[in-house]
Amino acid sequence: MRHIAIIGSGPAGYYTAEAAQKQWGDGVRVDIFDLLPVPYGLIRTGVAPDHQSIKGVAKRYEGTALSENVRFVGNVTIGEDVSIAELQGLYDAVVLATGAPNDKPAGIPGEGLENVFGSAAFVGWYNGHPQFAKLSPDLSGRHAVVIGNGNVALDVARILSKTADEFHGSDIVAHALHALQKSHIEQITILGRRGPHQIAMTPKELGELGHLTRACPRVDPADLPAEEEDLFLEPGQRKSVTHLRSFAAIPEEFRCDKPVEIEFDFFASPRAILGDGTVSGIEIERTALDSEGRASGTGETYTIPCSLVVTAIGYKTSPIPGVPFEEGAGRFANDEGRILPGLYCVGWARRGPSGTIGTNRPDGFGVIEKIAEDLDSGALYHEVKQGRRGFDALAAERKLEVVTFRDWKKIEAEEEARARTGAPREKFVAVEDMIKARGE
Ligand SMILES: Cc1cc2nc3c(=O)[nH]c(=O)nc-3n(C[C@H](O)[C@H](O)[C@H](O)COP(=O)(O)OP(=O)(O)OC[C@H]3O[C@@H](n4cnc5c(N)ncnc54)[C@H](O)[C@@H]3O)c2cc1C
């Protein structure tokens, strides 16, 4: 029997479990650990609440989760409740699928001011991640700035500008919905250091900005390269740029009909966040691109007054004591998923924060291939491991309050039962409430 521990129940964790089942069938036992009492990682706490069809992918993981040889072991933080060394003593292989939950700092003065948030925190707030549920951003000002030119920046801008009706059918948590309903934000500036051809925004997410009830996107036509240059872009990127061109063509009179403007400020590098205690503005330097597409400052600066800043410029994995870490890249040091004998990583913890949910599937299958190779070749010192029996004994000794998949199904049923009309669920946002909801 093979015993595999997977740390993290996001897409990478579940795809790895699926791959282990395909590899060893009934000859494997997989335990999937998560620090939260609820599974699915960023599908629950990252993917936008108004993108329910994407969140629906979690249903597909249930096939894996509900099979006899895979267990969910929730509410256990590896590196705190149980160490990696302890898991390695119990399982043949330990796979870190812990994602990249920390915001990369922008590295500019003023980041510590009040009402300046990283997107992990801000997105976690509106998605009900227990760590960020109490964030309480102040939305009483007029102007918000979002730093970054990827889909997460678009998610943040869209969520900030939607009406209550537009959240119908979403699972945005009640505290965020109420705060957004009272928001006074009228101007959302999305800052990008480079230009329209360098965005990392996909067509669907950009296209949505053109159909918002009370917000209208604005692109300065002067920022767009000559149209024939679009021909050199790959088709998806060309489609995204076409959306920007259509935003640039929106007539002024039409824009004025809507109370919120989402403005794309390209070739704009933030230099400092300004304020005394709380953010009051942001200083920006104009950039120009060199022939390789790299941005450098032109020396021309300007200031935008604003009362909320969200940085959406990437994420880092949390280091775990004893596990080699690549500080610069913000992920575990690994060679195609191998970290140390018997210790592996997968998903964002392996690659860093890039790709879609689906990108994690080949990653999961790849790491199981490596584990199988290492086990078969004798590269791992092989003693008979106790697997989950050993973990259960350790958990009992430490009085860990483990949450099972069956418990999660009860929590899920409670969340569905308390949903507002039209919403799929109302999430519990405190760990204690999740645990209470599973009952006895
Ligand atoms: C804001 C946002 C929106 C996104 N929207 C989309 C989208 O619309 N479409 C799309 O395809 N992709 C989207 N993505 C990308 C997608 O979410 C990722 O590709 C995917 O979630 C990465 O999977 P993962 O399993 O590596 O990490 P995660 O999903 O982050 O899962 C990691 C899990 O590990 C757990 N964990 C961490 N540390 C420990 C520990 N020490 N002990 C126990 N458990 C631990 C965490 O609680 C978490 O459950 C989005 C990402 C973000 C940030």
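Begin with strand 7, residues 143-147: five bridges join it to strand 8, and the two run parallel. Keep in mind that this model is predicted.

**Stop 1: strand 8 and its partners**

Which residue of strand 8 is its bridge partner? The partner is Leu191. Now select the whole of strand 8, residues 187-191. This strand is mostly covered, with five of its five residues buried. Colour the two faces separately. Gln187, Thr189 and Leu191 belong to one side. Ile188 and Ile190 belong to the other. Both faces are covered.

For a landmark, pick Ile188, which stands opposite Ile262 in strand 10.

**Stop 2: two residues with positive phi**

Move to Asn75. Look in the loop between strand 3 (70-74) and helix 5 (84-90). The phi of Asn75 is near 70 degrees, a positive value in a residue that is not glycine. Is Asn75 buried or exposed? Asn75 counts as buried because its relative accessibility is 16%, and the cut-off for buried is under 20%.

Now jump to Ser136, in the loop between helix 6 (119-126) and strand 7. Ser136 is not a glycine either, yet its phi is positive, about 55 degrees. Ser136 has a relative accessible area of 58%, so it is exposed.

**Stop 3**

Select Asn69. Its place is in the loop between helix 4 (57-65) and strand 3. Asn69 is buried, at a relative accessible area of 6%.

**Stop 4: aromatic rings**

Show the side chains of Phe, Tyr and Trp. The count comes to 15 aromatic pairs. Select Phe33 and Tyr91, one of these pairs. Their rings are 6.2 Å apart, centre to centre. The planes are at 85 degrees, so the pair is edge-to-face. Where do the two residues lie? Phe33 is in strand 2 (residues 28-34), while Tyr91 is in the loop between helix 5 and strand 4 (93-96). The pair therefore ties together parts that are 58 residues apart in sequence. Phe33 and Tyr91 are both buried.

Go on to Phe122 and Tyr126, another edge-to-face pair. Here the centres are 5.9 Å apart, with 85 degrees between the planes. Phe122 and Tyr126 are four residues apart in helix 6, so about one helical turn separates them. Phe122 is buried, at 0% relative accessibility. Tyr126 is also buried, at 0%.

Next, select Tyr14, Tyr15, Tyr40, Tyr61 and Trp408 together. Ring pairs link these residues into a cluster.

**Last stop: a charge over a ring**

Finish at Phe428. What lies over the face of this ring? Arg418 does, at 4.0 Å from the ring centre.

Terms used: Residues numbered from 1 in each chain as written. Predicted model: local features only at pLDDT ≥ 70, side-chain atom pairs only at ≥ 80, totals over all residues. Heavy atoms only, no water. Buried < 20%, exposed > 50% of the residue type's maximum accessible area, 1.4 Å probe, protein only. Pairing = 2+ DSSP bridges. Phe/Tyr/Trp six-rings, centres within 6.5 Å; stacked < 30°, edge-to-face > 60°. Lys NZ or Arg CZ within 6 Å of the ring centre and 35° of its normal.
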